[in-house]
Amino acid sequence: MGKFINYVNDENTFDNKKEPTYINDPETGTLIEKKDIIDDDKTIKLPKLKINVSKKPKKTKSNSKKTKEIKLPSIKFNKLWLIPIPVIIVIAIVIGIISIHNNYIKNFDVLKTDAFYLENGEGIYALFNDAGKQLSEFEFTTVTSFNNNASLVTNKNGEFGVINNKGKMVVKFGKYPYVFNEGPLYFLTDYDSDYYLINAKGKKIYDEIGFEIINFTDNYVLLKHKDKYKLLNHNGKVITSFKDKSSEEIPAISDMKDFISIYYDNQITIYNIRTFKKIIAFKSKERFCITDVPDRDLIINTCDSVGDSLMPYSYRAIVNKKVKFDLVSNDDQSPHFVGDVIVYKKNGQEYILNNNGDSVTTTLNTTYADYKHYAKLTNNNVIELYINNKVKKVIDCSGIVSSYTKDKIYLFNGCDNNEFRYYTVKGKQVGTSYQDATVFINGLAIVKDGDSYYLVNNKLKKLSKGYNAITYTKIANYYIASDDNKKVLLDEKGKEITSGIDIKILEKETSYGYMALITNSNSYIIYNISKEKEITSVISEPALYEHYFLVNKGSSIDYYSYKNGQRFYGR
């Protein structure tokens, strides 16, 4: 099912939360959250099965039947949100091939889709797209989240199928007695107990006798066949393969964002699963898991067989595809990237590290751009500004507002007359003194000058007119200003885009851009921020979700598309 956004978290934005399952309350006609979903924290491990079957004859010269022993792979279900779940759970337990895998961070590319399911109030689902087009009949009794634009479904007869985001049945109902999703791929068995692995397009990836699914996440599948392991990406393409060197040891996998690490035969190998390139490999008697990936660099730490950290914690920083340094700590939040800077927690205190892993200074009462440029508040209530790790300037301010600064501009307070001031990492003051100010985010900040607040750039040039208040909206460089009895949406240049009594923004980007809900005295406007265009207006207050918005009238619920604001379904 598509991701939902819970409504509303704070003053100006809708809150991104884990997808709830919603059903219709027959008494009130409202959407309520359904609780009977699979618990991600539980893992079910069931024995592997061996079944003797007679295989149907293939089209060869010899038409005699063959008998062989089939070893069904051990399968792990990855965060399968089934609605409802009893039927499929019973089947999975009976055949003994389901367990829930608690993976690391989901990759947005694989999970992004323009299709979603709606329920008709009777527990039956149909597929729609973001344009509001109905892609299937109401025929599905269970559905799963889309992965690589495909989803596992069942019908009222308990038959399995796979449907893509265009409404095409990649695997038709009844063709296979059992179908299970292995993250981005699908494992299925036919009526002769032969089994296959297919991708989201229905292409057979693997059909050789005796292959075994070892592990998977949303991005990859690790399988074993005979004496070789193969790591497959979301389309079933082989990222890497390696020989089985032990009858007992199983490769340990961890992944985060675009990276995956494999620990096997006392060696750690890390790959970029998007580029298929090996990042680094080194020998180790301990398993390491990926714990932090800000961009192209990463932090790994020692972990046990299920990925939990081991004490004392041993960490390695990998920068520019090389092991930069090792650290040992008794704290479970160390080290990690803050921007491009690695910080390290030891004995309850956090330190900034240099490229050799040496502690430069603490982060307490400190603002920093990197390990060479930072400013510290001293015991004398003045600020010492460091350049190349040496004090170059003393500033008569008694407070530090900023911490890490990507924009390389520090913000201090407690200056003359308790004012705020900005300084560059070179020690040059930018702008004047202000009564109030915020840190820079993406080159923009908010300052109070006189009785009004202004949006300014990193040169402290005023981009907007003065307002009673301005707040950051959490999405790319949009701000909400308050002026008299209305609120105004500003872009990164300080331009007024739209206004209303109240403005709330859907934090999750839709297929058609970012959306806002504008409240007026007698109506609610759905506004496309990205296109700076009003989509439609409604009388009752709507709820905004990633794929659509809805209006609950109590006796009915109407669903609308962000594409044109048209109602496409109601119940």
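Q: Why is the disulfide of Cys-289 and Cys-303 right-handed?
A: In this predicted model, the torsion about the S-S bond of Cys-289 and Cys-303 is about 80 degrees, so the disulfide is right-handed.

Q: Where do Cys-289 and Cys-303 sit in the chain?
A: Cys-289 lies in strand 25, residues 288-292. Cys-303 belongs to the loop between strand 26 (298-302) and strand 27 (313-319). The two cysteines are 14 residues apart, and the pair links distant parts of the chain.

Q: What is the S to S distance for Cys-289 and Cys-303?
A: The sulfur atoms of Cys-289 and Cys-303 are 2.1 Å apart.

Q: Are Cys-289 and Cys-303 buried or exposed?
A: Both Cys-289 and Cys-303 are buried.

Q: How many disulfides does a search of the whole structure find?
A: The search finds two. Besides the bond between Cys-289 and Cys-303, there is a disulfide between Cys-397 and Cys-415, with an S to S distance of 2.0 Å.

Q: Which handedness does the link of Cys-397 and Cys-415 have?
A: The link of Cys-397 and Cys-415 is right-handed, with 105 degrees about the S-S bond. This pair also links distant parts of the chain, its cysteines being 18 residues apart. Cys-397 is in the loop between strand 36 (390-395) and strand 37 (399-400), whereas Cys-415 is in the loop between strand 38 (409-413) and strand 39 (420-424).

Q: And are Cys-397 and Cys-415 buried or exposed?
A: Cys-397 and Cys-415 are both buried.

Q: What is the pairing of the bonded cysteines, numbered in sequence order?
A: For the protein chain, the pairing is 1-2, 3-4.

Definitions and conventions:
Residues are numbered from 1 along each chain as its sequence is written. This is a predicted model: local features need pLDDT of at least 70, side-chain atom pairs count only at pLDDT 80 or more; totals for chains, interfaces and linings use all residues. Side-chain values use heavy atoms; hydrogens and water are left out. A disulfide is a pair of cysteine sulfur atoms within 2.5 Å. Helices (H or I, at least four residues) and strands (E, at least two) are DSSP runs, numbered from the N terminus. Buried means under 20% relative accessible area, exposed over 50%, partly exposed in between (1.4 Å probe, protein chains only).
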